Amino acid sequence: ELRNGLVVRAADAVIAVGGAYGTLSEIALALAAGTFVVGVDSWPIDGVEAVDSPRAAVARALEMAAARART
């Protein structure tokens, strides 16, 4: 559990894949920390941007991380 918090705090954006409870906790931690979240076949949660493919998830996460770096 500590690792999940450390990962989302160190990231500029995260990609959630799937929908197990571990993924849900990581999404919650990321959103609480203000980290951008992109989801591929994941939980339908406000604040998580759903995309259709891993390629789209990576592209969007990189865009979001770059935007965060500019602020």
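Glu-63 and Arg-60 sit three residues apart in helix α3, so about one helical turn separates them. In general, an α-helix has 3.6 residues a turn, so residues three or four places apart point the same way. Keep that rule in mind as you read this predicted model.

What do the side chains of Glu-63 and Arg-60 form where they meet? They form a salt bridge, with 2.9 Å from N to O. Glu-63 is partly exposed, at a relative accessible area of 46%. Arg-60 is partly exposed too, at 29% relative accessibility.

Arg-60 has another partner. Its side chain also meets that of Glu-49 in a salt bridge, and here the distance from N to O is 2.8 Å. This pair links distant parts of the chain. Arg-60 belongs to helix α3, which covers residues 54–70, while Glu-49 belongs to strand β3, which covers residues 48–51. Glu-49 is partly exposed, with a relative accessible area of 30%.

Now put the two bridges together. Arg-60 bridges to Glu-63, and Arg-60 bridges to Glu-49. Because these salt bridges share partners, Glu-49, Arg-60 and Glu-63 join into one network.

How many salt bridges are there in total? The count comes to three. One of them lies between Glu-26 and Arg-3, whose closest N and O atoms are 3.9 Å apart. The cut-off for a salt bridge is 4 Å, so this pair counts. It also links distant parts of the chain: Glu-26 is in helix α2, Arg-3 is in helix α1, and they are 23 residues apart. Their surroundings can be compared by accessible area. Glu-26 is partly exposed, with a relative accessible area of 27%. Arg-3 is exposed, with a relative accessible area of 55%.

That pair leads us to helix α1, residues 2–10. Which residues of α1 are buried? They are Asn-4, Gly-5 and Val-8. These residues cover an arc of only 95° around the axis, which puts them on the same side of α1. The other side of α1 carries exposed residues: Leu-2, Arg-3, Leu-6 and Ala-10.

What do the buried residues of α1 pack against? They pack against β1, residues 13–17, and α2, residues 21–33.

Take Asn-4 as an example. Asn-4 lies in helix α1. It has a relative accessible area of 10%. The limit for buried is under 20%, so Asn-4 counts as buried. Leave out residues up to four places away in sequence, and Asn-4 touches Gly-22, Ser-25, Glu-26 and Leu-29.

Next, look at how the helices α1 and α2 meet. In general, two packed helices are described by the angle between their axes and the distance between the axes. For α1 and α2 the angle is about 45°, and the axes are 9 Å apart. The two helices are therefore oblique to each other. Their crossing is right-handed. On the α1 side, the contact is made by Arg-3, Asn-4, Gly-5, Val-8 and Arg-9. On the α2 side, it is made by Gly-22, Ser-25, Glu-26, Leu-29, Ala-30 and Ala-33. Find Arg-3 and Glu-26 in these lists. They are the pair joined by a salt bridge.

Strand β1 comes next. Ile-15 is placed in this strand. At 37% relative accessibility, Ile-15 counts as partly exposed. Which residues does Ile-15 contact, leaving aside neighbours within four places in sequence? They are Val-38, Val-40, Ala-57, Val-58 and Ala-61. Ile-15 can also be related to Glu-49. These two are 34 residues apart along the chain, and their C-alpha atoms are separated by 9.5 Å.

End at a loop. Asp-41 is placed between β2, residues 36–40, and β3. Asp-41 is exposed, with a relative accessible area of 69%. Its backbone deserves a look as well. In general, most residues other than glycine have a negative phi. Where does phi of Asp-41 lie? It is near 50°, a positive value in a residue other than glycine.

How values were computed. Residues are numbered from 1 along each chain as its sequence is written. This is a predicted model: local features need pLDDT of at least 70, side-chain atom pairs count only at pLDDT 80 or more; totals for chains, interfaces and linings use all residues. Side-chain values use heavy atoms; hydrogens and water are left out. Buried means under 20% relative accessible area, exposed over 50%, partly exposed in between (1.4 Å probe, protein chains only). Helices (H or I, at least four residues) and strands (E, at least two) are DSSP runs, numbered from the N terminus. The arc is that of the directions from the helix axis to the C-beta atoms. Contact means heavy atoms within 4.5 Å. Axes are lines fitted to C-alpha atoms, for helices over the stretch in contact, and angles run from 0 to 180 degrees between N-to-C directions. Angles under 35 degrees count as roughly parallel, over 145 as roughly antiparallel, 65 to 115 as roughly perpendicular and the rest as oblique. A crossing is left-handed if the near helix is turned anticlockwise from the far one by less than a right angle, and right-handed if clockwise.
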